[in-house]
There are 2 protein chains.
Amino acid sequence: MMISTRGRYALRVLADLAEHDSGEFIPLKEVADRQRISLKYIERIMPVLTKNGYVLAMHGKGGGYKMLKSPKDCTIGDILRLTEGSLAPVSCLMQDAAPCPLREQCRTLSMWERLDTMISGFFDGITLADLIK
Amino acid sequence: MMISTRGRYALRVLADLAEHDSGEFIPLKEVADRQRISLKYIERIMPVLTKNGYVLAMHGKGGGYKMLKSPKDCTIGDILRLTEGSLAPVSCLMQDAAPCPLREQCRTLSMWERLDTMISGFFDGITLADLIK
DNA sequence: TTTTTTACCTACCAATCAAGTATGTTGGTG
DNA sequence: CACCAACATACTTGATTGGTAGGTAAAAAA
């Protein structure tokens, strides 16, 4: 499997925030209840979205999260790369991968590269706005 | 990551067998040396390919493996599903997955389904013959 | 100023999977 | 029989997944 709960939950939280955006901050507890996701678990996923400008976080009463970017400017590809680390379908294509000694002769490499391109293209062609409409 | 070494090695072994097919049996050791894959590891992957009619196995001296199907009748999709078990990109789409309680409201499900279809289509449209030509 | 509410941080944990190794056994050949 | 090669089983090591527990920091309300 390629996409773990980490990336999938991030998408659902963002979609939920975008969908219920009224200008107010939405506490994570509300989102967790609606999406039936462990509050503690997504608490740990959120900071990376805050740091990268997807949401604004506010402490204390009346606090919570609020979308900062417009949903149509948030591609699924970027969000998944941020939360999953990589979208490469095989380890030979991962950024930190040691260069394969059989690179030149490998009969499968170009297939993996085409797949990788296709998957990235798929995710980069979808935005949060597409998900909630 | 989606495709582990299990499926990737299976493809490389089969491509190697097809490429070096001379009618004789090819011992796995030869393939392992050429492909620089642990012999013991692929030994454990082969039986499923034998049982499913991809290769013919022969014990003893002069034995080894030989392609049984024509490479152009071997789709990558079938080989990967056999060796990897599943090609589903997310757990919600796996065969044994418990039906998600939020199925109807989930804003991401249809995206995963489209991705799944796209990936399957990709792999089902490629055969071993494409890899070795 | 204390309490409440919320985000955030760190450490831990159990289960599973990945990628092998090690050690044999079975079956065919010369 | 000796040898070779496929096949089978058990184990290992390390990483990842999907959390939980417990506490800290900040902001607002009482």
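Trainee: Which helices and strands of chain A and chain B each supply at least two residues of the surface near DNA strand C?

Mentor: From chain A these are helix 2 (28-35), helix 3 and strand 2, and from chain B helix 1 (5-19) and helix 3. Helices (H or I, at least four residues) and strands (E, at least two) are DSSP runs, numbered from the N terminus. The model is predicted, so local features need pLDDT of at least 70 and side-chain atom pairs pLDDT 80 or more, while totals for chains, interfaces and linings use all residues. Residues are numbered from 1 along each chain as its sequence is written, with chains lettered from A and ligands numbered from 1 in the order in which they are written.

Trainee: What makes a residue count as near a strand?

Mentor: Its C-beta atom, placed from the backbone, must lie within 6 Å of the strand. Of the 27 residues around DNA strand C, Ala57(A), Gly64(A), Ser4(B), Thr5(B) and Gly60(B) come nearest.

Trainee: Why are strand 1 and strand 2 of chain A called paired?

Mentor: Pairing requires at least two bridges found by DSSP; strand 1 (residues 55-58) and strand 2 (residues 64-67) of chain A have four, in the antiparallel sense, and therefore qualify. One bridge partner of Ala57(A) in strand 2 is Tyr65(A). In this hairpin, with five residues between the strands, Gly60(A) takes a positive phi near 75 degrees.

Trainee: How are the residues of the surface near DNA strand D divided?

Mentor: Seven are nonpolar, 12 polar and eight charged. Ala, Val, Leu, Ile, Met, Phe, Trp, Tyr, Cys and Pro count as nonpolar, Asp, Glu, Lys and Arg as charged, and the others, Gly among them, as polar.
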